[in-house]
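This report describes the strand arrangement of one protein model and the setting of a selected residue.

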Amino acid sequence: MSFEMIPYVEWDGVRTFPDKYMSGLYEQCVDEGHAQTVFYEGTVRNADDFLAALKKSVCWVIAWNDVAVAIVWLNRHEGRFARMHFIVFNDCPRRKLIDLGRFTYRSLLALKEKSGLFCFDMLLGHVPVRNRVAVKYVLKCGGSLIGELPNGAWMADERRSVPVAVLAITREMVS
């Protein structure tokens with residue numbers, strides 16, 4: 001079995017996944033304890049905020065054996081790069097975590113425009129430095145630590161800024 005990336009898009013007025021399904025993924029994120037870590041800035045506080053954020057982004061649900069094991073979305077597009085956000089659910093087999101990351105990075109960086117040009121030459125992640133698990137995960141999957149930005153992440157619950165790791169992924173890094 002392999003991973004499958006299913007776009008969350010609207011075709012002729014109908015979304016590929018109903019709002020109720022996507023809201024369920026948010027609730028799964030909350031139940032598994034990922035929400036506070038992923039949505040540290042405080043802009044996503046509930047399922048409605050989550051849906052609104054995804055509808056403004058480019059998003060995919062990633063499945064393994066027909067089970068959603070991750071969700072990835074890109075926003076803040078500039079030039080040929082975008083900010084990447086990634087939630088890996090507990091349903092992803094631990095032995096497949098690195099494969100999932102590499103599959104996701106390769107798939108996103110392989111996307112092409114109608115003209116044949118790649119859509120993205122780089123994916124960029126900003127992760128609070130103290131989230132060592134996420135930083136290590138990106139590095140194990142082929143990403144690179146570019147540096148740290150002091151006070152680069154706003155922690156809404158703490159009402160203060162903390163250092164953020166700037167992580168980059170390019171085709172060359174994951175080929």
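In which strand is the place of V67? V67 lies in β5, which covers residues 67–78; strands here are DSSP runs of E with at least two residues, and helices are runs of H or I with at least four, numbered from the N terminus. The model is predicted, so that local features need pLDDT of at least 70 and side-chain atom pairs count only at pLDDT 80 or more, while totals for chains, interfaces and linings use all residues. Residues are numbered from 1 along each chain as its sequence is written, and side-chain values use heavy atoms, with hydrogens and water left out.

V67 counts as partly exposed because its relative accessibility is 34%, between the limits for buried (under 20%) and exposed (over 50%), with a 1.4 Å probe and protein chains only. Leaving aside residues up to four places away in sequence, V67 touches I62 and D91, where contact means heavy atoms within 4.5 Å.

The open, mixed sheet has 7 strands in the order β1-β4-β5-β6-β7-β9-β8; two strands pair if DSSP finds at least two bridges between them.

β8 and β9 (residues 160–170) run antiparallel and are joined by 8 bridges. V166 in β9 is the bridge partner of G147. Helix α5 (residues 132–140) lies across β6, β7, β8 and β9, at about 10° to β9; axes are lines fitted to C-alpha atoms, for helices over the stretch in contact, and angles run from 0 to 180 degrees between N-to-C directions.
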